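Dear colleague,

Please read them with the structure open beside you.

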Amino acid sequence: MRPADLPRGGRLEAQPVIVGAGPAGIRAAQALVRAGLRPIVLDEAQRAGGQIYRQPPAGFQRSGRELYGFEHRKAARLHGTMQALLPSIDYRPGALVWNCEDGVLDVLRDGSNETIAYSHLILATGATDRVLPFPGWTLPGVYTLGGAQVALKFQGCGVGRRVAFMGTGPLLYLVAYQYAKAGADVAAVLDTATMADRLASIPGMLLAPGLAAKGLYTLGWLRLRGIPMYSGVRPDHAIGYERISGLVCRQGDGGEPLRIACDALAYGLGLRAETQLAAVAGCRFEYHERDRAWLPVKDPAGRSSVPGVYLAGDGAGIAGADAAELAGERAALALLADLGMQPDAARAASLQRKLARQQRVRDTLEKAFPFPADWAAALDDDVVLCRCEEITVGALRATAQLDGTRELNRGKALTRVGMGRCQGRMCGAAAAEVLARAGGVALPQVGWLRAQPPIKPIPVQLFSIDVQAEAAASPPGPAPAFSLEQPLSAGGRR
């Protein structure tokens with residue numbers, strides 16, 4: 001049964017499904033369980049918590065305070081909530097959702113594929129690091145900020161002995177702080193934002209005095225330990241052959257280059273929403289200037305343009321962990337309302353007011369840590385843009401300068417940018433920036449890479465097993481002719 005076909009107030013023919021078990025997914029599950037439903041919760045990780053509250057493997061010895069810092073109490077509450085929910089939900093960890101079609105999810109779990117029908121679907125898919133390329137970014141020892149944080153939280157190890165941190169946003173300082181607290185030698189913190197950016201955001205930070213206090217504490221703690229911190233930085237190139245051994249940066253328009261010795265670099269320019277599943281589910285998208293990205297359209301309650309599909313958390317637009325918890329519960333209440341179950345209207349209104357406030361805080365953070373829009377224009381043509389396919393910046397620029405390409409999917413067809421294992425998840429934002437600059441058009445005009453299944457890499461053997469099983473079940477006879485008129489979808493459904 002398609003979600004749109006469900007009669008109002010009728011009995012569910014299939015369970016509601018939540019994709020993601022971070023702050024948004026856990027709070028959504030909690031609200032549904034309170035209403036008497038038993039949702040399926042699909043979690044790509046092995047333990048719930050998402051990226052910000054990622055749990056280490058069982059038997060890990062570091063305390064919650066060491067793992068989560070200021071947020072250890074929030075992490076403990078969220079993990080406790082999930083633990084209490086386990087008897088009341090169908091929790092499936094290690095589940096990679098790679099397709100969504102006609103009310104059915106394709107899920108890779110334990111080496112095999114399963115299809116899961118849903119009556120209603122809450123997408124709480126989270127976010128990943130947003131990066132831009134620079135000379136040397138493909139060297140071993142160069143990581144995203146999120147990747148460096150995962151190594152510390154999940155595996156209890158650092159990405160190097162002497163680590164430099166570069167980029168912008170609160171995560172830059174948080175991960176540097178976490179590494180320093182864990183005993184790593186922090187070579188430098190290199191912020192692409194300027195001091196003037198931060199000063200301009202001070203009035204807005206009055207909306208979140210607790211967040212501002214944490215930020216000031218982190219900065220002060222790093223300074224007291226003598227860790228070099230620079231602002232207004234742009235990378236020139238990474239040094240190294242078999243592994244990064246240093247980083248050369250520019251600060252401002254003049255002066256001597258900064259040379260930082262390090263054996264690892266963690267960098268990121270804020271976060272980008274994981275929207276691929278919403279795209280293959282058929283959700284309508286629109287451009288958001290603050291996020292410099294095309295995002296799925298949703299109403300204030302989290303309803304997408306597709307009936308029965310709801311969006312919550314950073315996967316629908318970056319707003320942070322606190323906002324994700326609120327949005328997860330709000331989306332669940334919208335789902336319950338659409339079932340005719342009359343959830344608490346006062347609670348729903350309160351959540352929306354709090355979410356609006358969180359969005360204003362997010363606006364302030366964007367002023368304090370703006371995206372370095374000039375970065376892409378300064379890249380040399382020989383810099384690798386798409387590392388999966390080894391496509392250079394110059395190759396994509398040539399499509400604009402020689403062929404007049406102004407649309408990103410056309411550039412993809414001509415160069416193979418975004419056709420690799422990551423399906424453009426890591427290079428898509430950078431490719432859009434490069435093409436817009438090269439074509440002399442505004443960023444919204446180049447569009448966004450169309451998502452298609454599988455949205456993340458899956459083993460080819462899944463399909464070979466299906467083909468072998470089909471062949472074994474078919475009577476012998478002449479091989480069928482190949483036809484383009486009846487293509488088989490990625491999920492195996494015609």
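Five strands form an open sheet in the order E3-E2-E1-E7-E20, with parallel pairing, where strands (E, at least two residues) and helices (H or I, at least four) are DSSP runs numbered from the N terminus, and two strands pair if DSSP finds at least two bridges between them. At the edges lie strand E3 (90-93) and strand E20 (309-311), each of which pairs on one side only. This is a predicted model, in which local features need pLDDT of at least 70 and side-chain atom pairs count only at pLDDT 80 or more, whereas totals for chains, interfaces and linings use all residues. Residues are numbered from 1 along each chain as its sequence is written, and side-chain values use heavy atoms, with hydrogens and water left out.

Within the sheet, strand E1 (residues 17-19) pairs with strand E2 (residues 40-43) in the parallel sense over three bridges, and Val17 has Ile40 of E2 as its bridge partner. Helix H1 packs on the sheet and touches E1, E2 and strand E7 (121-123), contact meaning heavy atoms within 4.5 Å; the direction of H1 makes about 165° with that of E1, angles running from 0 to 180 degrees between N-to-C directions of axes, which are lines fitted to C-alpha atoms, for helices over the stretch in contact. Helix H10 (residues 321-338) lies across E7 and E20, and runs at about 155° to E20.

With kind regards
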